[in-house]
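Please walk me through the model below, beginning with a loop and ending with a metal site.

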Amino acid sequence: MATQEQRTSISWDYAPAPESPDHVRLRDSYGLFIEGEFRDPVDGTRVASINPATEEPVAEVAFAGPDDVRRAVQAARAAQPGWAALSGLDRGKYLFRIARLIQERARELAVVESMDGGKPIRESRDVDVPLAAAHFFHYAGWADKLSYAMGGRSVEPLGVAAQIVPWNFPLLMAAWKLAPALAAGNAAVLKPAETTPLTALLLAEILQEAELPPGVVSILPGDGTTGAALVREPDLDKVAFTGSTGVGKDIQAALAGRRIPLTLELGGKSANIVFEDAALDQAVEGIVNGIFFNQGHVCCAGSRLLIQESVADTVVSKLWSRMERLRLGDPLDKNTDVGAINSLEQLHRIEALVASGEEEGAVRRSVACELPSRGFWFAPTLFTDVAPAHRIAAEEIFGPVVSVLTFRTQAEAIEKANSTPYGLAAGIWTDKGSKAFEVAAALQTGVVWQNTYNKFDPSAAFGGYKESGFGREGGMAGLRPYLRVTNGTAP
Ligand code: NAP
Ligand code: MG
């Protein structure tokens, strides 16, 4: 029989389990999706979207210029009244169809999401793609119940919505934006992020297959200049943006005085709070999920870990031993926990903030894993001896880096959690229900998870406080930003 020492020294090697990309039907080059067709750009360019795990091009994509943007907005304006005139039941049927087609092409969408953006296939397969379909299903169900959702009052769609999404959940963010807008009878022009346009273009194929009336949705890949041109288009009725607080402020300035309703989903520096009475092993799993899910490229990542002093050493030691077992590498390998950093630019941002943590005196530990020779990678990293004033405790790193702070009392935990300009999400780990409710009520954040983290559901509203933005997406609340609600009662 093996001795205790032998048993604990077994090392578990995983054989590679790569997901095959053979079934993926990517074109070599994609046009802009306008009026229901893929079109050549009028004044845009063509750019290769690369795989951040290999630095190889995946496909070439057209980037929209200002004339292309104008054309898409005009197409949306022309198509919107017909779309709004359909019964809610009929709009719902289109959304159901889109949801079913996403499910049918789920495997392909998951592989392309991982190839284009670097996230582990396990996440794109089990989270991004199923949740994207779930959002279309959810809002399909609301399309004929809009007035009911608004307390029985009369409702109208706003008209034409400009929607801009980031690169961390490309397909899912497109679904978050499009599904409620379409259910409510709006037309939309969507701009995916520069580094991850491909699943939005596969979604365009799905919209074609679903026979969505041309012009109701246009998809315009591009960079920041495309987004800036889109929000400056004169003929818009709504702008919805998910991305950084800096660009959010720029969009706010561009819309000043234009009476265009705006939804902003911005950055975060969310606190994950572990009390001494928590189930610590469970909490460690939640901490790992909170910060290493999607390489920490998550707006609500639990990047500030607040641990009660009495258990801080225990939690840090359990966390470190769990981190040492994370598998970093090929995003298409089903065993991979931590994939590639989305872009070289993002890698440089993470490296600069981590260097500032060391310079300011925090203690850094990075897992000694082997980083692939090509592509963009960052080893899971833990900082202790962090002071609230350190940049790594205050600024969003948007990478696989967690900063540990400690607290003594519940009041101190609340004060530290709230002492940030952001307010997107928080986690609370405790065995005491009353404590969880008390702390949750005192936290200035849009979402609070209790004894779990990073759980999303289409029926739950999501959004920020303070500099994390305003407006809500998801659930019944997610319809409101796409409707004009009048005081009259619906017939
Ligand atoms: P970003 O630079 O703000 O980009 C977001 C989107 O806006 C991209 O499509 C981007 O195009 C576009 N854009 C850039 N400059 C623009 C401008 N001047 N006018 C209009 N659009 C412009 O953010 P990111 O670096 O891609 O994403 C990371 C940030 O997003 C993080 O701060 C994160 O917290 C936040 N985020 C928030 C949520 C949420 O729900 N609250 C969700 C995900 C991410 P390019 O791709 O060409 O830059
Ligand atoms: Mg890419």
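Predicted model: local features only at pLDDT ≥ 70, side-chain atom pairs only at ≥ 80, totals over all residues.

Asn451 is not a glycine, yet its phi is positive, at about 55°. Its side of the accessibility scale follows from the cut-offs: buried means under 20% and exposed over 50%, so Asn451, at 26% relative accessibility, counts as partly exposed.

Glu35 is placed in the loop between β2 (32–34) and β3 (37–39). Its phi is near 50°, again a positive value in a residue other than glycine. With a relative accessibility of 34%, Glu35 counts as partly exposed.

The metal site comes next. Which residues coordinate the magnesium ion (ligand 2)? The donors are Ile50 (O), Asp116 (O), Asp116 (OD) and Thr195 (O), at 2.2 to 2.5 Å. Along the sequence, the donor residues follow the spacing I-x65-D-x78-T. Asp116 and Thr195 link distant parts of the chain, being 79 residues apart. Asp116 belongs to helix α4 (residues 106–117), whereas Thr195 lies in the loop between β8 (187–191) and α8 (198–209).

Thr195 has 24%, so Thr195 counts as partly exposed.

Technical notes
Residues numbered from 1 in each chain as written. Chains lettered and ligands numbered in written order. Heavy atoms only, no water. Donors = N, O, S within 2.8 Å, 3.2 Å for Na, K, Ca; no water. Helix = DSSP H or I, 4+ residues; strand = E, 2+ residues; numbered from the N terminus. Buried < 20%, exposed > 50% of the residue type's maximum accessible area, 1.4 Å probe, protein only.
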